[in-house]
Amino acid sequence: MALRSMAANSPVRRAHWRALGLSEEDLARPKIAVVNSSSELAVCFAHLDGMAKVVKEAIREAGGVPFEVRTTAPSDFITGAARSGSYILAGRDLVTNDIEAQVEAALLDGMVCLTSCDKTPPGHLMAAMRLNIPTILVIGGYQASGMIGDDHVDIEDLFSGGVREALGGTMKHSVSDMVKEAVRGPGVCAGMATANTMHCVVEALGMCVAGSAPVRANSDKMFAAARAAGQRIVGMVTEELTPRRIMTEGAFRNAAAMVLAVSGSINAIKHLQATATEGGLDVDLYAVWDELGRKVPTLAAVRPNGSVRIEQFEDAGGARAMLKQLEPVLDGDVLVASGKTLAEDLQDAEIRDAEIIRPLDRPVSEGPSIAILKGSLATESAVVKLGIRDGSRPESFAGPARVFENNQEAMAAISEGRLQKGDVLVLRGQGLKAAPAMGGGASFILFAIDAAGLAKDVAFVTDGQLSGLCLKGLTVAEVAPEGAAGGAIGKVRDGDRIEIDVASRRIDLMVPAEELASRPGPDVTSLPPAGGWLGIYRDTVQPMATGAVLSGDWSAPCD
């Protein structure tokens, strides 16, 4: 096996590394990037330095040489403060490019990615596919949450409670009290929101040590997985076990089944599509989702879907137990990071509580937990989260549109009582190009609708994205194409009738095609200004069908 790091072995390069303390023997060993997004800005990443230390020790013990490199660290509740959250999704692709600019530029032989908050798992997976060098991810874990009296309180309660309080609503516990208890340590949001969904996706794809997800942050289990990953990556380099050998179409189908079974975040769809696109893989995850959604039921009810806490899901066996329950519908021949097939890797998987993680013949709910809609209002795709289908949320709706161009207008209409039962609230200008990067805060509008007591009586349609914590009413998000890209949502007028029917997978604007064609679309010259990184993002982002990757040739790895 020839190490690619030895292809650039100039005297100056050797001198630099000797000055860092490397020996002549080290210079001939596999050189492994330890990709760390540690940041003092957010608890999501605050603990990763300790994990990096363990990973580096394990790499050295296994005969490799670790080099720690840093990336940007997107955290929704911290770096979402500016531009209504536009830096969040844009941060995903910045993580990918940060990795390329260091790991590829230095021609390192493999990498271990310390993955945590929502956008780092897809950013790491996308980089792995783009660079196609041996890669393994280490799950950073979820944060502890607290209690107020006998009541459990976590970030979901605080998020929705903050909106409810802003609208003058009453709650059992004050927001000021919840602030003190909702987040009790480092790690990602508790519950099956986007981060824990993506951690389960990483395991379903085969890109981590088996049994890694989900995991309590800073637990012995987390550090054991970190050590195992550091030891394993050197073998992966020797075996030339690259991401494109692991993340095949079968692996992506397995990951889609995982998200459906745990009723995970809708954001996983675009992240998986982006990862496939980065690897030049010709797979339409939206079509896969629609197909598997008709076959895969919901097998767990982790918050926000039900009352099960993420700790209970982990203790029941976590993602590995879920894969075991899903085994009859999975592709067991795909390779995983251990070098085994998935079927071989699952032979000793244990399901410790079959009430928390149900078998296929005794699901929590019929599927799909997430459905893909199409129609005259969304000619490419739109996504609706259904969660546990127990009749508590409508799955069909028809009513007049009430159109808003931004968060502030929509929030004012809700707080002033201008949104009525039977209306379809349409929030546009939230898409990839317009916002840009799907900033705009559509999640706040959904929580406001719920706080106003209208979740069962109005529908919500947006070209924006939603937090993985969102599961209220009938909400259709990520309508594509967005208005700024010529989509019909940009031509909707107040009073237009919109019909949504999950059973037929349709969302339609009941306006004659001739009339709709004659209507002017939004003035794209009047979009909010976006300079710097957001300007680059707006200019280069590709449609949702690609997973919203940035422009480029994804047919071959970087070389």
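Helices H12 and H16 sit roughly perpendicular to each other (that label covers angles of 65 to 115 degrees). This is a predicted model, where local features need pLDDT of at least 70, side-chain atom pairs count only at pLDDT 80 or more, and totals for chains, interfaces and linings use all residues. Residues are numbered from 1 along each chain as its sequence is written, and side-chain values use heavy atoms, with hydrogens and water left out.

**H12 against H16**
- The axes of H12 (residues 249–262) and H16 (residues 318–326) come within 10 Å and cross at roughly 105 degrees.
- Ala257, Met258, Ala261 and Val262 of H12 meet Ala319, Met322, Leu323 and Leu326 of H16, where contact means heavy atoms within 4.5 Å.
- By class, that contact has eight nonpolar residues, no polar and no charged ones.

**H7 against H19**
- H7 (residues 155–166) packs on H19 (residues 442–451) at about 65 degrees, with the axes 9 Å apart.
- This pair, H7 and H19, is therefore roughly perpendicular too, and the crossing of H7 and H19 is right-handed.
- From H7 come Phe159, Ser160, Val163 and Arg164, which meet Ser443, Phe444, Phe447, Ala448, Asp450 and Ala451 in H19.
- The H7 contact with H19 has six nonpolar, two polar and two charged residues.

**The two sides of H21**
- In H21 (residues 532–540), Leu534, Gly535, Tyr537 and Arg538 are buried, meaning under 20% relative accessible area with a 1.4 Å probe, protein chains only.
- Those residues cover an arc of only 160 degrees around the axis, so they lie on the same side of H21.
- Gly532 and Asp539, on the other side of H21, are exposed (over 50%).
- Helix H5 (86–104) is included in what covers the buried residues of H21.

Conventions. Axes are lines fitted to C-alpha atoms, for helices over the stretch in contact, and angles run from 0 to 180 degrees between N-to-C directions. Helices (H or I, at least four residues) and strands (E, at least two) are DSSP runs, numbered from the N terminus. Angles under 35 degrees count as roughly parallel, over 145 as roughly antiparallel, 65 to 115 as roughly perpendicular and the rest as oblique. A crossing is left-handed if the near helix is turned anticlockwise from the far one by less than a right angle, and right-handed if clockwise. Ala, Val, Leu, Ile, Met, Phe, Trp, Tyr, Cys and Pro count as nonpolar, Asp, Glu, Lys and Arg as charged, and the others, Gly among them, as polar. The arc is that of the directions from the helix axis to the C-beta atoms.
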